[in-house]
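This briefing concerns the aromatic rings of a protein and the surroundings of its ligand. Please examine the sequence and the structure before reading on.

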Amino acid sequence: MKIIKSIKELVDLRKSFNSKKKIGFVPTMGALHQGHLSLVSKSKKQNDVTIVSIFVNPTQFSKNEDLSKYPKPIENDIKILKSFQVDILFIPSYNNIYKKDFSIWIFSDKYTNILCGKYRKNHFKGALTIVLKLFNIVNPNNAYFGKKDFQQCFLIKKMVTDLNLNIKINPVPIVREKSGLALSSRNSYLKIEQKEDASQIYKSLRSAKDDFKKNRIESPTLLINSIKKKLNNINIKIQYLEIRDSHNLSIVKKCNNKSIIFFAGFIGKTRLIDNIQLN
Ligand code: PAF
């Protein structure tokens, strides 16, 4: 695995590839887990060259968020990626990515102020901007993102369409622990008993999905209330619980196969998100 730290070196290497070679790209913020590795595996299967980036992007964190304590186990990440036979690992520095006087940003008027964007001001502005910068540097044919961050995936697809980028976005299913807890780098903040509480999130979403599929409950209010009732018994502070259309993120009045339940909440100080598609 080639480790590259400078943009110029990566751009030059990328240019040297035969244009017939398919390039797969997995952007990450490190602290890799099986969720990331499922993206890497998909990329390895579908491309000739797989490039992974690790960059903890400060512009997608608000001042009160966990940037300073975000896990950065870089040596372990390198070991894991080597064992997965990733071709290139790109680890740029902050100064390499954000030059002095950096001032052009990507955001969506319509979709960044809902769901996570409503509570994490500037989060998607920072995330979309870094993803576009990385796309321009790496110039991949395929890029891979986890469906746990459904809104992020949705916005990246929208950016690719609206800005005419020639990149295929491949959303990859959520990877879960046996307990149902969706894998996240932030799970490392949770104590054992908090993890047990966190596993109830998926169980409650799953049970709402069963109510929709088996018991034909189509009312978003009834489904949301049933989830809230289940989560009432544990130490969790719900930030939002909403059912929206997976194609346009609009709030649904009646659930159908395209609907998706979105959850965000806190266990202690740890913010967790999850979602489940009703189809
Ligand atoms: O999902 C993430 O890890 C980040 O938001 C991403 C896409 C790597 C951009 O920093």
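A charge sits over a ring if NZ of Lys or CZ of Arg is within 6 Å of the ring centre and within 35 degrees of the ring normal. The model is predicted: local features need pLDDT of at least 70, side-chain atom pairs count only at pLDDT 80 or more, and totals for chains, interfaces and linings use all residues. Residues are numbered from 1 along each chain as its sequence is written, and side-chain values use heavy atoms, with hydrogens and water left out.

**Charges over rings**
- K133 lies over the face of Y98, 6.0 Å from the ring centre.
- K125 lies over the face of W105, at 5.3 Å from the ring centre.

**Aromatic rings**
- Rings of Phe, Tyr and Trp (its six-membered ring) pair if their centres lie within 6.5 Å; planes under 30 degrees apart count as stacked, over 60 as edge-to-face and the rest as tilted.
- By this rule there are eleven aromatic pairs.
- F102 and W105 form an edge-to-face pair, with 5.0 Å centre to centre and 85° between the planes.
- One aromatic cluster is formed by F55, Y94, Y98, F102 and W105.

**Ligand surroundings**
- Residues with a heavy atom within 4 Å of the ligand include N57, Q60, F145 and Q152.
- A polar contact is a pair of N or O atoms within 3.5 Å; a polar side-chain atom of Q60 lies 2.7 Å from an oxygen atom of the ligand.
- For Q152, a polar side-chain atom likewise lies 2.7 Å from a ligand oxygen atom.

Definitions and conventions: Polar contact = N/O pair within 3.5 Å; in protein donor to acceptor, adjacent residues only side chain to side chain.
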